[in-house]
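Please consult the sequence and the structure while reading.

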Amino acid sequence: MSQRYLGGFITASFNPLAAPAAPTAVEYLVVAGGGGGGWDAGGGGGAGGFRTASAFAVSTGSAITVTVGAGGARASVNTNDGSSGSDSVFSTITSAGGGGAASSSSGTALTGGSGGGGRDSSNREAAGNTPSTSPSQGNSGGNSSGNTSGGTNGGTGGGGASAAGVAWTTSSTATAGGAGTASSISGSSITYAGGGGGGIDEGSGKTNGSGGAGGGGVGGGGVSTVTPGNGTANTGGGGGGGSGTSPRATGGTGGSGVVIIRYEDSYLAATSTTGSPTITVAGGYRFYQWTSSGSITF
């Protein structure tokens, strides 16, 4: 704003550069749905793909797509393997759903943002994460190769955003899911995308697999007859593997994903949103968090 004195009058001229503008770039976190756990001492589900970055260019006037991926279904008596989670999307950024875990009867752990965990017997190796992205979306499920004796062996953990699922070690121990990754994009540090833990038979001397930090479900079975855990909603955690003693418990379901963006609050708010995002302004930022699919227009 500037002022000029002309013949006894003060006139003002407006500086358009001082007016608030729509953002041209945002920071994002896109986490996909986690994979479902396997049945009958099955593996843990792989975590949903985890992608985050700043300075992502956005345009004005057109709706930007937001998709929040659902968690994968758990394996059941009539389903050999856990189902993979669904993809999450923000604009051109896609995070792949976590891979479903292997079960006892047949099949192999599935690929995904992170790979699903393997089953207790031979030739049930866990899958690696896919697609190949830069940076990576996640890690491989725990490898069960060499675990050939069958019987009381446990499943392996699903992969997480920061670490692979733990590989098979002993016949009496299911292994843990891989750890997820912490993000402070929401204004506080939260860990997302942990892999599900492997399941094992119930009974003395047997240890079920723990879920990876970041919403991974615990594997079923073990000394305390633990019920397989679901991946935590809106973290992309993988479901825990089912226990292996009759009646054989189904695995846990994968946790749903989440999409979060933020930008400096000196820029204008979005002109419209769909999908009922949680909108907050704090600490110098505007935050938009979706737990269901929708859109945003600047």
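E12 and E13 form a hairpin in which 2 residues separate the strands, and Gly283 in the turn has a positive phi of about 60°. Strands here are DSSP runs of E with at least two residues, numbered from the N terminus. The model is predicted: local features need pLDDT of at least 70, side-chain atom pairs count only at pLDDT 80 or more, and totals for chains, interfaces and linings use all residues. Residues are numbered from 1 along each chain as its sequence is written, and side-chain values use heavy atoms, with hydrogens and water left out.

**Sheet containing the hairpin**

- Opposite Tyr263 stands Arg286 in E13.
- These strands belong to an open sheet of 5 strands with antiparallel pairing, in the order E4-E3-E10-E13-E12.
- Strand E4 (50-57) and strand E12 (278-282) are the edge strands, each pairing on one side only.
- On average, neighbouring strands of this sheet are turned by 15° against each other, direction ignored; the axes are lines fitted to C-alpha atoms, and angles run from 0 to 180 degrees between N-to-C directions.

**Sheet containing E5 and E14**

- Another open sheet of 5 strands has the order E7-E6-E5-E14-E11, again with antiparallel pairing.
- Strand E7 (93-95) and strand E11 (272-274) each have a single partner strand, so one side of each is left without a neighbour in the sheet.
- The twist from one strand to the next averages 20°.
- Strand E5 (residues 64-67) and strand E14 (residues 294-297) run antiparallel and are joined by 3 bridges.
- Ile64 has Ile296 in E14 as its bridge partner.

**Nonpolar cores**

- The largest nonpolar core has 18 residues, and those with the most contacts inside it are Val26, Phe90, Ile261, Trp290, Ile296 and Phe298.
- A nonpolar core is a set of buried Ala, Val, Leu, Ile, Met, Phe, Trp, Tyr and Cys residues joined through side-chain atoms within 4.5 Å.
- At least two residues of this core come from each of strand E3 (25-31), E5, strand E10 (258-264) and strand E13 (285-290).
- Leaving aside neighbours within four places in sequence, Ile261 is in contact with residues including Val26, Phe90, Ile185, Trp290, Ile296 and Phe298; contact means heavy atoms within 4.5 Å.
- Another core, of 10 residues, lies apart from the largest one and has Val31, Ala161, Tyr192 and Val258 among its members.

**Thr235**

- Thr235 is placed in the loop between strand E9 (190-192) and E10.
- Thr235 counts as buried because its relative accessibility is 9%; buried means under 20% relative accessible area, exposed over 50%, and partly exposed in between (1.4 Å probe, protein chains only).
- A polar atom of the Thr235 side chain lies 3.5 Å from the backbone oxygen of Gly214.
- Not counting residues up to four places away in sequence, Thr235 touches Val31, Tyr192, Ala193, Gly214, Gly215 and Ser256.

**Whole chain**

- The secondary structure of the protein chain comes to 0 helices and 14 strands.
- Of its 298 residues, 50% count as buried.
- Among contacts of the protein chain with a separation of 6 or more, 54% are between residues 24 or more positions apart.

How values were computed. Two strands pair if DSSP finds at least two bridges between them. Helices (H or I, at least four residues) and strands (E, at least two) are DSSP runs, numbered from the N terminus. A polar contact is a pair of N or O atoms within 3.5 Å; within protein, one must be able to donate a hydrogen and the other to accept it, and residues adjacent in sequence count only if both atoms are side-chain atoms.
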